[in-house]
Amino acid sequence: MATSSGIKRKLDRENRIFQRKWEEEYLFTEFKGKPMCLVCLETLSALKDYNLGRHYNTLHKVKFEKYTGAARTAVVADLKAKVCKQQHFFTKATTCQESAITASYDVALELARAKKPLSDGEVVKRCAVKMAKAFGDNNIAKNFEAVSLSRRTVTRRIFDIHDHVDVKMKQVMQDCKYFSLALDESTDVTDVSQLLVFARTIDNSFYVHEELLKFASLHDTTKGSDIFNAVTGAVGEYGGFEKLSAVVTDGAPAMQGRHRGFAGLLRQSGVNCPILHCIIHQEALCAKTLNFGHVMDLVTKVTNIIRGGNRSLCHRRFITFLDEVDAEYGDLQLHTDIRWMSRGKCLERFFALRSEIPAFLENSISGDASAYCGKLKDTKFLCDMAFLTDISAHLNHLNTLLQGRDQTVCDLFSHMTAFQRKLRLFIDGFSSPPANLAHFPACAEIRKESPQCEKQIQKYRADLEKLQEQFNNRFQDFHEMQPRIALFTDPLSAAVSAQPSELQRELCELQADPFFQAKRNERGISFWRLLPEARFPRLRDFALSMASMFGSTYICESSFSTMKHIKSKERNRLTDETLFHLMRIGTTKIDIDIQSIVSQQAKPQVSH
């Protein structure tokens, strides 16, 4: 209907309200702002007395006009109760469906985080039903039975969760100021080369994310061009290399090659940023320069004689023997070159059991055992083993400090420089007899048992100097960044003249400000977060760039362990896509909003 001015009237502008008298006169109630018939549940568009009266007189008057007074009030109450019951039934059914699908996503997420097979969802469901029945709650048992946890369903849930994480990751990459990449490649149980690409991002608030950007399966060659194409494709999905601050790799030729390696191809494509060799890999290479192969060969052979191969009976007897003599350790540890810290841990136990091992070999092992027993009683060999045990323990401690997530380049470099200072201290301790063995407890034990070995111990100074030379020659990529590292670590004490000209004026203001002088106890990111962007834009930009850098590929190495759990011999038929989704969910620190995922489902499905 139009007014005299020709403008069509709108019902929502007439401010009509539902009148309570219509409940008994016309058997209507209000539902979501509109009149609804209590008898046939039909909803009318307008709150008008005429419309409600016409509906009642036409359809229901003959049946209900006989009810008057209290009887009519009772009829209205009865009709309203039936309507409420019906509405509650449908609402409850919808709620149960949503709860079932939410539970399905929750279980799928927990299975992915625990690296369990997706088919375990059915086991979880059966266990949940049995537990509910054991507590005598059949209603809860029925609800558990309605949760769909078949292998196919859980797989779909994993894909939905990954898509949810991917959307958030794209937002993180879009909002970040800078990001760096950590790259590493390894083979899975089916000999497929898997390339891990992790991104470390930082936004203007200095909030850091370390997330898996891509898990690329290389089914053919693993040349520098293959790696470059995989990384370029992965980064291209998230905005390209424009914000890239650094790349850290494992140091393989395919990664670090200047011409045909990934590093060379990246520079040829116009991307100019530091490309670092993983600091943990470089430390491990330094440790390999110690020329004590004769010690490790004998330790490995004796360990294999006792507990290697098909020597289970001998191994059991050895454990019993150690228990009887109340030895410091209850068993030996196997050594493998793949594990960086394996040598130190193996030597520590072997040296502690150096007296018990020959006694066991002489009594229980025949054949070549006598030759090994003679070596294990030789003072020169014991000195070599003691020195290797001590220096390996120091190297293992350094390796442990370099591991872990959320460490900046500055943190890692400080651990490395601290160890180089320790090496100078160790060398000074071996400069003149008697050697200062305060930091070499195994060597001190041997000297106490055999004082005549002092001359042999003095020779280890040359090995320490060789190790020091290796540490000085390596880490050149990190040494080139030393002025930037010094500025990031302690800006209030950094030499202004040693910094780039564009930072010098802001640095002078920073060092002269009494407020920041009072914040000397703040270090790293927590200090730089205090700087107002309007006053120190260039310094903040420098700090954001430094804080965004990876210094090692530890996050990749630890994720390969996750991959070994997910794609095992029993689960070697996982597709590349499913493996990527499980890896991302298993490693992500991004908050996963299950309710948001469930709300996007058009029609929630439950198990029948």
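This briefing walks through the fold, the cores and a few individual residues of the structure above.

The model is predicted, so local features need pLDDT of at least 70 and side-chain atom pairs count only at pLDDT 80 or more, while totals for chains, interfaces and linings use all residues. Residues are numbered from 1 along each chain as its sequence is written, and side-chain values use heavy atoms, leaving out hydrogens and water. The protein chain has 30 helices and seven strands; helices (H or I, at least four residues) and strands (E, at least two) are DSSP runs, numbered from the N terminus. With a radius of gyration of 36 Å, well over the 25 Å that the globule rule gives for 608 residues, the chain is more spread out than a compact globule. That radius is taken over C-alpha atoms, and the rule is 2.2 Å times the number of residues to the power 0.38.

**Overall build**

- Along the principal axes, the C-alpha atoms of the protein chain fill a box of roughly 120 × 70 × 50 Å.
- Of the 608 residues, 47% count as buried, where buried means under 20% relative accessible area, exposed over 50%, and partly exposed in between (1.4 Å probe, protein chains only).
- Among contacts (heavy atoms within 4.5 Å) between residues at least 6 apart in sequence, 69% join residues at least 24 apart.

**Nonpolar cores**

- A nonpolar core is a set of buried Ala, Val, Leu, Ile, Met, Phe, Trp, Tyr and Cys residues joined through side-chain atoms within 4.5 Å.
- The largest one has 165 residues, of which Leu 181, Val 231, Ile 357, Leu 361 and Phe 471 touch the most other members.
- Helix α17 (residues 379-402) gives this core its largest share, 11 residues.
- Another core, of 17 residues, lies apart from it and has Trp 22, Phe 28, Leu 38 and Leu 47 among its members.

**Asp 166 and its partners**

- Asp 166 sits in helix α7 (residues 151-175) and counts as buried at 14% relative accessibility.
- Its side chain makes polar contacts with the side chains of Tyr 238 (2.5 Å) and Arg 584 (2.7 Å).
- A polar contact is a pair of N or O atoms within 3.5 Å; within protein, one must be able to donate a hydrogen and the other to accept it, and residues adjacent in sequence count only if both atoms are side-chain atoms.

- Met 296, in helix α12 (residues 293-307), is buried, with a relative accessible area of 10%.
- Leaving out residues up to four places away in sequence, Met 296 touches His 335, Arg 343, Leu 347 and Leu 388.
- Helix α19 (residues 441-449) has Ala 442, Cys 443 and Ile 446 buried.
- These three cover an arc of only 100° around the axis, which puts them on the same side of α19; the arc is that of the directions from the helix axis to the C-beta atoms.
- The buried residues of α19 pack against α14 (342-352), α17 and α20 (454-458).

- Most residues other than glycine have a negative phi, and most peptide bonds are trans.
- Phe 206 has a positive phi of about 65°; this residue lies in the loop between β4 (193-202) and β5 (208-218) and is buried, with a relative accessible area of 1%.
- Asp 406 also has a positive phi, about 60°, but counts as exposed at 53% relative accessibility.
- The peptide bond from Pro 433 to Pro 434 is cis, with omega near -10°, and Pro 434 lies in the loop between α18 (409-429) and α19.
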